[in-house]
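Here is a short briefing to read alongside the model.

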Amino acid sequence: MRRFPLLYAAVALVALAVASPVNAQTKGGVLRVFQYDSPASMSIHEEALNSAQNPMMGVFNNLVFFKQDVPQNRIDSIVPDLATKWSWNADMTELTFQLRRGVSWHDGKPFTAADVKCTWDLILGNGTEKLRANPRKAWYRNLESVSTKGDTVTFHLKRPQPAFIALLASGYSPVYPCHISPQTMRQRPIGTGPFKFVSYNFIYDVKPTPETYSLSLHDALLI
């Protein structure tokens, strides 16, 4: 059997010893996850494929996400994440989220409604910063704007779109921090999720083994 040279990536993430917005899970130990490809960057919003999404989802949180133990994604399987609840206006053109309080980014800065607005302004191309690539801008053609009021965020749509919330529940829809540039997010992403990004290593191997494709997730208390 011929052996072909293989390029692969190892991404090290550290489990945070703080409460995450989702239900607390057992902390500690090492988790190795199959990873089939080397991501071009660590920025989910700038990568079209799930080579970045798969390893980086644990670094971030969404406003909402699909319940992971339900086999098929459905509107009625969407559960809170950075948002605690949500509601539509009468004509289904305004979707308002109440945000979770007491959440911090991995660098210690507080998560606020401004971060949500910044994220979707970035995707719409309305922000002061610009994405190098924007593969999911077309998802939000019906999104007019995002507004904030205290701990609430409202998505204003051009026309009714009851399934709009499903876009926000996708693994491609994390909230980014306002205070971190898109350039930094490509190399050293900052999130609010249960895992903190530590390093990215690009390795060349001519003899692939089951251990070749792996992501190591370490508990911060063990380091």
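Which pattern does the protein follow when read along the sequence? The pattern is β-β-α-β-β-β-β-α-β-β-α-α-β-β, with 4 helices and 10 strands in the protein. Helices (H or I, at least four residues) and strands (E, at least two) are DSSP runs, numbered from the N terminus. This is a predicted model, in which local features need pLDDT of at least 70, side-chain atom pairs count only at pLDDT 80 or more, and totals for chains, interfaces and linings use all residues. Residues are numbered from 1 along each chain as its sequence is written, and side-chain values use heavy atoms, with hydrogens and water left out.

**The protein as a whole**
- Of the 223 residues, 43% count as buried (under 20% relative accessible area, 1.4 Å probe, protein chains only).
- Among contacts (heavy atoms within 4.5 Å) with a separation of 6 or more, 69% come from residues 24 or more positions apart.

**Thr-93**
- Thr-93 sits in the loop between β5 (83-88) and β6 (94-99).
- Thr-93 counts as buried because its relative accessibility is 12%.
- The side chains of Thr-93 and Asp-91 are joined by a polar contact of 2.6 Å (a pair of N or O atoms within 3.5 Å; within protein, one must be able to donate a hydrogen and the other to accept it, and residues adjacent in sequence count only if both atoms are side-chain atoms).
- Leaving aside residues up to four places away in sequence, Thr-93 touches Trp-88, Phe-155, His-156, Leu-157, Arg-159 and Pro-160.

**The second largest pocket**
- On a 1 Å grid over the protein atoms alone, a pocket is an open set of points with protein on both sides within 12 Å along at least five of seven lines, and lining residues have an atom within 4 Å of a point.
- The second largest pocket has a volume of about 190 Å³ (the space filled by probe spheres set on the points, which are joined across faces, edges and corners).
- It has 15 lining residues, and the closest to its centre are Cys-118, Leu-122, Thr-128, Glu-129 and Cys-178.
- α2 (113-124) and α4 (182-187) each supply at least two residues of this lining, and α2 gives the largest share, 5 residues.

**The cavity**
- A search of the whole structure finds 1 cavity of 30 Å³ or more (a set of grid points where a 1.4 Å probe fits but cannot get out).
- The largest cavity has a volume of about 50 Å³.
- Its lining includes His-45, Arg-136, Trp-139 and Tyr-172.

Terms used: Buried < 20%, exposed > 50% of the residue type's maximum accessible area, 1.4 Å probe, protein only.
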